[in-house]
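Welcome, and thanks for taking a look at this one. Here is a short briefing to read alongside the structure, sorted by topic.

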Amino acid sequence: MTVVSFSSQMSWRPTYRSSKFRNVYGKVGNREHCFDGVPITKNVHDSHFCTVNSKYLAVVTESAGGGSFIVIPVKQKMPSVQAVCGHQGNDTSVTVHRLVTVWCRQVRVWEIPEGGLRRNMTAALLELYGHSRRVGLIEWHPTSSGILFSAGYDYKVLIWNLELGEPVKMIDCHTDVILSMSFNTDGSLMATSCKDRSLRVIEPRSGRVLQQASCKNHRVNRVVFLGNMKRLLTTGFSRWNTRQIALWDQEDLSMPMVEEDIDGLSGMLFPFYDADTHMLYLAGKGDGNIRYFEVTTEKPYLQHLMEFRSPAPQKGLGVMPKHGLDVGACEVFRFYKLIPLKGLIEPISMIVPRRSDTYQEDIYPMTAGTEPALSAAEWLSGINRDPVLMSLKEGYSRPNQLVFKAPVKKEKKSMVVNGIDLLENVPPRTENEMLRMFFRQQEELRRLKEELASKDVRIRQLELELNNLKNLSPNGV
C-alpha cells in the first residue's frame, strides 16, 4: 500500500495577491488640458527635457542661436511665447520658484516670478562654475534647502551651497561618466550608476563609498531608491541586450535580489517610484506605453499591475508632485508626456477607481511637503531629518455630481392617442417593440380612416339639410 502525503505548507490556492492598486488605469487629459504648439527640443541626450511642480511646467525647446526653454503655468490653457534664453539647456530641474539648467561646464539658477514669465528672461539668479567638462546631471537634496548636486563628464559630483553660491564638497570616486543619481528619503545616502558598469551607494558628505557592485550581467543605466524599504531598483540591459530591471538590497550589493527581463526594445527605461503607494512606473524612451508594478517586502517583490498604452512615442516625461494632484478624482500619479512629432505635451493621470466621493485616506497617506526639513548649514554639519509631511486632505474638493445641466425648456404640448404621444418620435429598441408599434399604427390608421369616412357622411348630410332649408324659405332667403 502506497501512501502519498503533502506538506502542510503546500497549498492549492492560486498565487493571487489582493491589492487596492490592481485596477489603476491611465487617463489622457482632455484637449483643453494639453499644451499644443510647443517646439520641443530635438536633442538626443538621455534626459526628460522637462520638469514639473504644482505651478509651472518647464520644457527645453528647439531654437536657433542660443538654447532656451519655456516655463508654462500648469493651469494655463495656451503656452506663453516668453522663454528663458541664455544657453542650450540639456537638462532641467525645478522647485517651487527656482529652476536650474546646465550648459557645458556651467550651472545656472533662475528665479521664476510669481505668476510666470511676462517677457523673455536672460539674466540668471546664480551662475555656478566648478566642473572642468560638460555637466550632465543635476539633482536637489530631498530635505535640505539650498543644497544642489551636479555631475559632469569630468567624473565628479559637486555639492553646491546656493546660500554661498559655491561648491562645498566634491565626490571623485567614479571612473567614468555618471549616468544617474538618486537619494534615500532623508538624503543621507546617494546611489549612482556609472558607465563603468558599477552601482555605488555613497555617503555624500564624506564621499565614502559604502557599497559597490560591478554589474557584468546587468548593464545599469538608471537607479532609484525605493523609499524607506532599503532597496534599490535599477534599469538597464542584459548581456543579450534585452531591457531589464533589477532589485538590490542597499546594504549588500553582491548580487541582485531579483532580475526581470522586460522586452527587446532599445530605448532606455526610466523608473519612477511613488513612496506613498509603493508603485513603480517604467517608461521607455521612444515607447508609447507605461508599465506599472507594486513593490512589496516579500517575494516576488515586484507585482505587475497593468500597462498604459498609447500610439504616440514619448521623448520625455515630467512628474507632478503629490501636492499638485487632483485628490477628488483619486489621482495618485500624473505624467506630462512630450510628443515632439506633434509639438504636444499631454498629461496622463493614474487613477484608482473608487465609487465613494469621500476623501480616500488609504491611498493618500501623509506625504512630503514643500517645506524644507533643515537648512544647508545643518545638513553639512551632519544632521539628518526626514521630510516635513503634509496631508492632502486640505486640497480635497468634493466632485460635482451635476455633469450636465440642461436648459429650462417651455412646456411642450402633447397629443396622446391610445397611450401614444404622436409628437414624440421615440424609436423602438427591440423587434417586439417595433412590431407592437407597427400594429398600433395600423390600428390608428384604420380608426382615422373610419372617422374620416363618417365625417364625410356627416358633411353630405349637413349640405343636404342646408339645401332643403333654402328651398323651403320664400324668395330663397
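## Briefing

P300 is found in the loop that runs between strand 25 (290-295) and strand 26 (302-308). The bond from K299 to P300 is a cis peptide bond, with omega at about 10 degrees. Please keep in mind that this is a predicted model.

**The overall picture**

- The protein has two helices and 33 strands.
- It has 477 residues, and 45% of them count as buried.
- Take the contacts between residues at least 6 apart in sequence: 48% of these join residues at least 24 apart.

**Backbone points to check**

- As background for this group, most residues other than glycine have a negative phi, and most peptide bonds are trans.
- F49 has a positive phi, near 60 degrees, although F49 is not a glycine.
- You will find F49 in the loop between strand 2 (35-36) and strand 3 (50-52).
- F49 counts as buried because its relative accessibility is 1%.
- N241 also has a positive phi near 60 degrees, again in a residue other than glycine.
- The loop that holds N241 lies between strand 20 (231-238) and strand 21 (243-249).

**Aromatic pairs**

- How many aromatic pairs does the structure hold? There are ten aromatic pairs.
- One of them is formed by F69 and W110, an edge-to-face pair with 6.2 Å from centre to centre and 80 degrees between the planes.
- This pair links distant parts of the chain, since F69 belongs to strand 5 (residues 68-73) and W110 to strand 9 (residues 106-111), 41 residues apart.
- Both partners are buried: F69 has a relative accessible area of 2%, and W110 has a relative accessible area of 1%.
- Y281 and F333 make a stacked pair, with 4.4 Å between the centres and 20 degrees between the planes.
- Here too, distant parts of the chain are linked: Y281 is in strand 24 (residues 279-284) and F333 is in strand 28 (residues 331-339), 52 residues apart.
- Y281 counts as buried because its relative accessibility is 0%.
- F333 counts as buried as well, at 7% relative accessibility.
- Which residues do ring pairs link into a cluster? The cluster is made of F272, Y281, Y292, F333 and F335.

**Charges over rings**

- R134 places its charged end over the ring of Y153, 4.4 Å from the ring centre.

- Four strands form an open sheet in the order 11-12-13-14, and their pairing is antiparallel.
- Strand 11 (135-140) and strand 14 (166-171) are the edges of this sheet; each has a single partner strand, so one side of each has no neighbour in the sheet.
- On average, neighbouring strands in this sheet are turned by 25 degrees against each other, with direction ignored.
- Five bridges connect strand 11 with strand 12 (residues 147-152), in the antiparallel sense.
- Which residue in strand 12 is the bridge partner of E139? The bridge partner of E139 is F149.
- I138 is also part of strand 11, and I138 is buried, with a relative accessible area of 4%.
- From I138 to G152 the C-alpha separation is 9.0 Å, and these residues are 14 residues apart along the chain.

**An annotated stretch**

- An unreviewed UniProt entry places the feature "coiled-coil region" at residues 445-472.
- In the model, the span of residues 445-472 is 100% helix and 0% strand, and its end C-alpha atoms lie 41 Å apart.

Key:
Residues numbered from 1 in each chain as written. Predicted model: local features only at pLDDT ≥ 70, side-chain atom pairs only at ≥ 80, totals over all residues. Heavy atoms only, no water. Phe/Tyr/Trp six-rings, centres within 6.5 Å; stacked < 30°, edge-to-face > 60°. Buried < 20%, exposed > 50% of the residue type's maximum accessible area, 1.4 Å probe, protein only. Lys NZ or Arg CZ within 6 Å of the ring centre and 35° of its normal. UniProt positions renumbered as here; feature names shortened; annotations may be inferred. Pairing = 2+ DSSP bridges. Axes fitted to C-alpha atoms, helices over the stretch in contact; angles between N-to-C directions. Contact = heavy atoms within 4.5 Å.
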